[in-house]
Structures are given as C-alpha cells and as structure tokens.
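Please keep the sequence and the model in view while reading.

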Amino acid sequence: MSEAPNPSNRWSTPTLDGNASMPRGPGDAPTVAAGAQDGAPGGAVAVARYPDYADAQRAVDRLADSRFPVEQTAIVGTDLTLVENVLGRLTTGRAALAGAGTGAWFGLFIGLLFGIFTVGNWLAVIVAGLVIGAVWGGIFGAIAHAMTGGRRDYASTSMLRAQQYAVMVQAPLADQARQVLGLRPGSQPA
C-alpha cells in the first residue's frame, strides 16, 4: 500500500537570490523535495509578490474563482519581523485580576458540567463554580506574578509580520496562474 503524498513536501523555501532550496536534513545532508530530481528545486515558483497579506489572499481568491487548482498554491511571507506591542505595566493586582478572569471561565465550565447532573438548584452550582474559580484564579495569578521577581513587569502581545508575500505555484501551472492574475506569461514577479 502506498502512502499518500505529504503536501508540506511540495514546497521549497525561496532563498534571497530567488532560487529555491530545501533546508539541510539530518547529518547535514541536503533534503530533496517530493517530485524533485537530482537535487533540483521542488518545482514551486513565485508568480507574484504583494506588500501585504490581504493582497496575496485576493490573488489566490481570484485564482480559485477562475477554477485554478489552488491546492497547488501557497502564500509565503518573507523578511519576517517580530513585533511586540507593550500593553501596559503589569502589577500584582492586574495579574490577580487576569487570573481571576481566567479562573472564572474555568469555574463556569466546571459549574455547568456539575450543574447538568444536579437535581436541586443547578444555578447555585454554576455560580459557586464561577466564584470559586475566580478566587483561585486570582490567587494563582498573583502568586505567579510575584514569583517572577520583578522581571518582565509589563503585559504585551507579539506578532510576526512579513515585508512581502509571494504567491507560489507549482512550475507547470505558473504561466496559467500569471494569465489569470493578469500578468505576462513567463514574467518574473515584481
């Protein structure tokens, strides 16, 4: 019985010079993409590049609308940057409040679970679960923050952003994709 092809093996990683190569495997041996022969690239080429993800999504959507086999495409973000937005100072009180909120949700879930099987006052069981969860969540939140010893006394969110997004298509379908996107067949992406 043959194994189904792994879709993640179809794509190669573009390098800075535009050539595609796979990262080295165990023992520093080059990894060959599925369908590649003699160490050649896996066959995916960039047909267009966009400055933001929404434009790349619209391009793939346009391909899908024209019955293009979109399972042969990928959106690849390049030149990644980590952005951490600081939301504010984190005090023990704020950590306890955040822990209480998380604990309340968990307590509500447990209260609902027990409330289903309660014959008597099911609402009291739900409220008790919510209150107990909030109290313990607040305690654990405050303790966890106090244990950091003053390191990282701020709350933040992190995200990865790409400088550009390439729409990659398997090489045999590249000209068809360029035609659907209104690009010259055989042209290189901008």
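## Helix α1 and the residue after it

Just after α1, Arg67 takes a positive phi of about 65°. The model is a predicted one, in which local features need pLDDT of at least 70 and side-chain atom pairs count only at pLDDT 80 or more, while totals for chains, interfaces and linings use all residues. Residues are numbered from 1 along each chain as its sequence is written, and side-chain values use heavy atoms, with hydrogens and water left out.

Helices (H or I, at least four residues) and strands (E, at least two) are DSSP runs, numbered from the N terminus. Helix α1 covers residues 53-65, and its 13 residues reach 18 Å from the first C-alpha to the last, close to the 18 Å expected at 1.5 Å a residue, where the expected span is 1.5 Å times one less than the number of residues.

Ala56, Ala59, Val60 and Leu63 are the buried residues of α1. Seen down the helix axis, these buried residues fall within an arc of 90°, so they line one face of α1; the arc is that of the directions from the axis to the C-beta atoms. Buried means under 20% relative accessible area, exposed over 50%, and partly exposed in between (1.4 Å probe, protein chains only).

The buried residues of α1 pack against β3 (44-50), β4 (73-89), β5 (154-170) and α4 (174-180), with contact meaning heavy atoms within 4.5 Å. On the other side of α1, Arg58 and Asp65 are exposed.

## Gly129 in helix α3

Gly129 lies in helix α3 (residues 122-147) and is buried, with a relative accessible area of 15%. Leaving aside residues up to four places away in sequence, Gly129 touches Gly107, Leu108 and Gly111.
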